[in-house]
Amino acid sequence: MKKLIMLVVLALVGVLIVYLWNRNNKPRVEVPRQQPVAVSKYSAAFNQSVNKVLNSYYALSDAFVNWDSAKVDAKAAELKTAVGALNFEEIKKDTLIYETAASYIQAFDGDLQGITGGKSMTEKRQAFNALSQNLYDLLRTVKYDASKVYLQECPMAFNDTEAGIWLSGQPEIKNPYLGLHHPKYKSGMLECGENKDSLAFGGGN
C-alpha cells in the first residue's frame, strides 16, 4: 500500500515538474508597442492652409502631365488663391524664418504669372520648375510637418538635356515635363525621373 502511495506521489511530482518546465520555457509573445501619433508643431489652421497650397500644386502638376494648357492656367489661378490664403501668423515670432518664407511667397507671383502668361507649354513648364524650387524651399524653411513631400527630378525635362524638378505627395513618378502626350515620346517617358529628396519633419507618410 505504501509503495502504491509512493508511486502516485512520484507521478504527481513528475507531472508538476513537466508542467512547470513547459510554462517557464514557453515562448513569450511580444506585444508590439503602440507608436506615438506624430503631433505637428503647427496649428490646424496653418497646416490646412499649407495643405490647400500643396493640393492645388499637385493638381497643377497633373494638368502638366496631361498636356492640358487650359487646365494648367485654371489650376495656376487656383494655386494663386491658395497661396494668398496662407496662414503664417504663428511663424512671425521667428523673424528670420518669417522673412525668408515671405520672400518665397512673393516669388510665387512671378512664377505663376510665368505659367499663365507662357506662350508655349515649354515656357509654362520653365515657370513651373522655378515655382517647384521655391515651394520646396518654403516647406523646408518652415519645416512643414503635416505630411511627407517628395522632391522628384527629370534629368531631361528641357531639350532632353536639362533637368526639371517637381513635388509630389507620393513616391511614384508622374513626370509633368514629359507627361502623357509628348510630341516625341508620347506617354513612354511618364515615369522618367527619380526621388531626389523628401521632407518629413513630422515623420508623416
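Predicted model: local features only at pLDDT ≥ 70, side-chain atom pairs only at ≥ 80, totals over all residues.
Rings of Phe, Tyr and Trp (for Trp, the six-membered ring) pair if their centres lie within 6.5 Å; planes under 30 degrees apart count as stacked, over 60 as edge-to-face and the rest as tilted. By this rule there are eight aromatic pairs.

Select Tyr42 and Phe46 to begin. Their ring centres are 4.0 Å apart and their planes are at 20°, so this pair is stacked. Tyr42 has a relative accessible area of 13% and is buried, where buried means under 20% relative accessible area, exposed over 50% and partly exposed in between, with a 1.4 Å probe and protein chains only. Phe46 is also buried, at 0% relative accessibility.

Next, select Tyr57 and Tyr58. Here the ring centres are 6.0 Å apart and the planes at 70°, so the pair is edge-to-face. Tyr57 is buried, with 0% relative accessibility.

Residues are numbered from 1 along each chain as its sequence is written, and side-chain values use heavy atoms, with hydrogens and water left out.

Now show Trp67 and Arg125. Arg125 lies over the face of Trp67, 4.1 Å from the ring centre; a charge sits over a ring if NZ of Lys or CZ of Arg is within 6 Å of the ring centre and within 35 degrees of the ring normal.

Switch to a cartoon view. The protein chain has five helices and three strands, in the sequence order α-α-α-α-α-β-β-β. Helices (H or I, at least four residues) and strands (E, at least two) are DSSP runs, numbered from the N terminus.

Select residues 44-65, helix 2, and residues 69-84, helix 3: they pack at an angle of about 170°, with their axes 9 Å apart. Helix 2 is therefore roughly antiparallel to helix 3, a label for angles over 145 degrees. Axes are lines fitted to C-alpha atoms, for helices over the stretch in contact, and angles run from 0 to 180 degrees between N-to-C directions. To see the contact (heavy atoms within 4.5 Å), show side chains including Tyr57, Leu60 and Phe64 of helix 2 and Val72, Leu79 and Val83 of helix 3.

Finally, select the whole protein chain. Buried residues make up 36% of its 205 residues.

Definitions and conventions: Parallel < 35°, antiparallel > 145°, perpendicular 65-115°, else oblique.
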